[in-house]
Amino acid sequence: MAGVPPAQSSAPGAESRRERARAEQIALPFAYRPRFGRSDFVAARSNAAARAWVLDAEALWRWPEGRMALWGASGTGKTHLLSVWAARHGAPVIEGSRLNERDVADLFSEGGFRALALDNADRVRDEHDLLHLINLVREQRMALLLAARLPPARWSIRLPDLASRVRATASVPIGQAEEELLHRLFLRLLAERQIVVAQPVTEWLLRRLPRNARAIRDMAALLDQAALASGGKVTRALAGSVLETLLQQETDRD
């Protein structure tokens, strides 16, 4: 009959679809900045060796050539550990994908530091820039910590001089996170983003999430966006919709 509004759909799955639509919206009223303090790093067996070689006060003097490469898969805490080390030693942090000789020259002309950190060292675009940086650090007798996803032996390097410098660099891995670390990391990330999730929902998600730290971090970010977009609490339906989005992203990466 004309003028009569259509009835609300009561078909199964309608509520889930509405939750998913809300989850796919993005509303970010403020920029999230991860905390990279020493107390925020989640210690576990998988990162014990890396912590010993990077955070131990005496380990620095045992680095061959004064260099160490910290490597591991995405989300395992390389940048966090590198940031803690840099803060302790007053070291500037350079992003590898933006490394260039001019900025390095400006940085060294300003001085005031005795250590340097290079994140995503295996993503430097020009090998000459990385060679120049390593040589400068060596000449100045500084300590250099590099972080990368791959061990130095697997970096794609063409310059013979750079290859020899990289081969002479000690390295230590961060292993894949174990169950306890994943659980603690997820709870910390939710608290860091001030997301309130009921324990049954958290446990439900943890049983279904991929078993790697990157997925845990991505899930926390997606939940944050979904909760802000929906303007409500994280329900089981909303969490399920976000989980579907995450699993699809994981599939697309593969």
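**Terms and values**

Author: In the protein chain, 78% of the contacts with a separation of 6 or more are between residues 24 or more positions apart; a contact means heavy atoms within 4.5 Å. This is a predicted model, in which local features need pLDDT of at least 70 and side-chain atom pairs count only at pLDDT 80 or more, while totals for chains, interfaces and linings use all residues. Residues are numbered from 1 along each chain as its sequence is written, and side-chain values use heavy atoms, with hydrogens and water left out.

Reader: Why is T169 called buried?

Author: Buried means under 20% relative accessible area, exposed over 50%, and partly exposed in between (1.4 Å probe, protein chains only). T169 has 10% relative accessibility, so it counts as buried. Of the 254 residues of the protein chain, 46% are in the buried class.

Reader: Where is T169 found?

Author: T169 is in the loop between α6 (160–167) and β5 (170–173). Helices (H or I, at least four residues) and strands (E, at least two) are DSSP runs numbered from the N terminus. The protein chain has 10 helices and five strands.

Reader: What makes the pairing of T169 and R67 a polar contact?

Author: A polar contact is a pair of N or O atoms within 3.5 Å; within protein, one must be able to donate a hydrogen and the other to accept it, and residues adjacent in sequence count only if both atoms are side-chain atoms. The side chains of T169 and R67 are joined at 2.9 Å, so the pair meets the 3.5 Å limit. A polar atom of the T169 side chain also lies 3.0 Å from the backbone oxygen of R165. Leaving out residues up to four places away in sequence, T169 touches R67, M68, A69 and L146.

Reader: How many cavities of 30 Å³ or more does the search find, and what makes a space a cavity?

Author: On a 1 Å grid over the protein atoms alone, a cavity is a set of points where a 1.4 Å probe fits but cannot get out; lining residues have an atom within 4 Å of a point. Points are joined across faces, edges and corners, and a volume is the space filled by probe spheres set on the points. The whole structure has one cavity of 30 Å³ or more. The largest cavity has a volume of about 130 Å³. Of its 17 lining residues, V42, T76, G77, L181 and R217 are the closest to the centre.

Reader: Which element gives the most to the lining of the largest cavity?

Author: That is α7, with three residues.

Conventions
On a 1 Å grid over the protein atoms alone, a cavity is a set of points where a 1.4 Å probe fits but cannot get out, and a pocket is an open set with protein on both sides within 12 Å along at least five of seven lines; lining residues have an atom within 4 Å of a point.
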